[in-house]
Amino acid sequence: MNSPEALTMSIHLVTAAEGYSVQGRGPSIAADLVALASVAIGALALARAKGRVGTGGGRTGAVLAMAVGLTGMILAAVALAIADGGPGTGNGVVGSAFALVLGLLGMVLGGRARARSRRTGLTAEG
């Protein structure tokens with residue numbers, strides 16, 4: 001059942017798997033996903049505020065996008081603070097920097113959607 005070839009192959013697989021770890025990139029990946037969610041929420045809120053999608057004004061989505069974007073940026077900052085080494089070391093430095101940009105973009109989209117929904121929500125009386 002356990003042939004020498006199968007044993008050698010499993011040793012090679014274990015050795016190859018030891019060199020690759022997601023542990024160092026875990027916080028960076030989490031920050032990327034949260035920041036990406038803020039961009040998606042912000043884009044949807046902006047589309048709603050423009051009246052292109054749905055019937056709502058997009059105010060709730062705008063505030064949510066800004067909050068999620070800030071959370072993604074905080075997670076990215078923490079991931080950058082705990083990372084050992086620089087870019088290319090496999091510790092998630094580049095992913096964390098990307099999450100900072102995505103979080104900022106989500107916050108900008110949310111802010112634009114909130115401003116637009118505030119303008120379109122005004123009545124004729126002022």
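At 1.5 Å a residue, the 24 residues of H3 should span 34 Å, and the end C-alpha atoms of H3 sit 35 Å apart, which agrees; the expected span here is 1.5 Å times one less than the number of residues in the helix. This is a predicted model, so local features need pLDDT of at least 70 and side-chain atom pairs count only at pLDDT 80 or more, while totals for chains, interfaces and linings use all residues. Residues are numbered from 1 along each chain as its sequence is written, and side-chain values use heavy atoms, with hydrogens and water left out.

As for the overall layout, the protein comes to 4 helices and 0 strands, giving the pattern α-α-α-α along the sequence. Helices (H or I, at least four residues) and strands (E, at least two) are DSSP runs, numbered from the N terminus. Of the 126 residues, 25% count as buried, where buried means under 20% relative accessible area, exposed over 50% and partly exposed in between (1.4 Å probe, protein chains only). Among contacts (heavy atoms within 4.5 Å) with a separation of 6 or more, 74% link residues 24 or more positions apart.

Next, the core. A nonpolar core is a set of buried Ala, Val, Leu, Ile, Met, Phe, Trp, Tyr and Cys residues joined through side-chain atoms within 4.5 Å. The largest one has 11 residues, including Val-39, Leu-46, Ala-76 and Leu-109. Helices H2 (26-49), H3 (59-82) and H4 (93-120) each give two or more residues to this core, and H2 gives the most, with 5 residues. Ala-35, one of the core residues, touches Gly-72, Ala-99, Leu-102 and Gly-103, leaving aside residues up to four places away in sequence. On H3, the buried residues are Ala-62, Ala-65, Val-68, Gly-69, Gly-72, Ala-76 and Ala-79.

Two other residues of H2 are worth a look. Ser-38 lies in this helix and is buried, at 0% relative accessible area. Its side chain reaches the backbone oxygen of Ala-35 at 2.6 Å. Beyond residues up to four places away in sequence, Ser-38 touches Ala-65, Val-68, Gly-69, Leu-102, Gly-103 and Gly-106. Ala-40, also found in H2, counts as partly exposed at 48% relative accessibility.

Definitions and conventions
Polar contact = N/O pair within 3.5 Å; in protein donor to acceptor, adjacent residues only side chain to side chain.
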